[in-house]
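Take a moment with the sequence and the fold before reading on. We will go from rings to strands, and then to the core.

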Amino acid sequence: MLLLNPPFKSISPEQDFYIADKAFVLFYQLYELTAYAFGFPYFPVSVYDLEKLVDPQSPLGKMLP
């Protein structure tokens, strides 16, 4: 069974995301990557993993110590 259809290649500059609980979360719409039964695929990334890439004045940067 192929879970990701089409196969994942990269993150688009227009990718949907949200910020929650010290995490940057990328998510995809239903049917965009997987079947409906799998729900919304999402991938949380800790803000601490992105610390060197984030502008300290951005909303994500303000979550860092």
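**Rings, strands and a core**

Searching the whole structure turns up four aromatic pairs. Here, rings of Phe, Tyr and Trp (its six-membered ring) pair if their centres lie within 6.5 Å; planes under 30 degrees apart count as stacked, over 60 as edge-to-face and the rest as tilted. One of the pairs is Tyr-18 with Phe-27, and it is tilted: 5.7 Å centre to centre, with 50 degrees between the planes. A pair of aromatic rings is described by the distance of the centres and the angle of the planes.

This is a predicted model, in which local features need pLDDT of at least 70 and side-chain atom pairs count only at pLDDT 80 or more, while totals for chains, interfaces and linings use all residues. Residues are numbered from 1 along each chain as its sequence is written, and side-chain values use heavy atoms, with hydrogens and water left out.

Now the overall plan. The protein has zero helices and three strands. Helices (H or I, at least four residues) and strands (E, at least two) are DSSP runs, numbered from the N terminus. Along the sequence, the pattern reads β-β-β.

How are the strands arranged in the sheet? The three form an open sheet in the order β1-β2-β3, with antiparallel pairing. Two strands pair if DSSP finds at least two bridges between them. β1 and β3 are the edge strands, and each pairs on one side only. From one strand to the next, the twist averages 25 degrees. That angle uses axes, which are lines fitted to C-alpha atoms, for helices over the stretch in contact; angles run from 0 to 180 degrees between N-to-C directions.

Start with β1, residues 17-20. Four bridges join β1 to β2, and the two run antiparallel. Together they form a hairpin with two residues between them. In that turn, Asp-21 has a positive phi of about 50 degrees. Across the pair, Tyr-18 stands opposite Val-25, and Ile-19 stands opposite Phe-24.

Is β2 buried or exposed? Buried means under 20% relative accessible area, exposed over 50%, and partly exposed in between (1.4 Å probe, protein chains only). Five of the five residues of β2 (residues 23-27) are buried, so the strand is largely enclosed by the rest of the structure. Ala-23, Val-25 and Phe-27 point one way, while Phe-24 and Leu-26 point the other. Tyr-18, by contrast, is partly exposed at 38%. Of the protein's 65 residues, 28% count as buried.

The largest nonpolar core has eight residues, including Phe-24, Leu-26 and Leu-50. Such a core is a set of buried Ala, Val, Leu, Ile, Met, Phe, Trp, Tyr and Cys residues joined through side-chain atoms within 4.5 Å.
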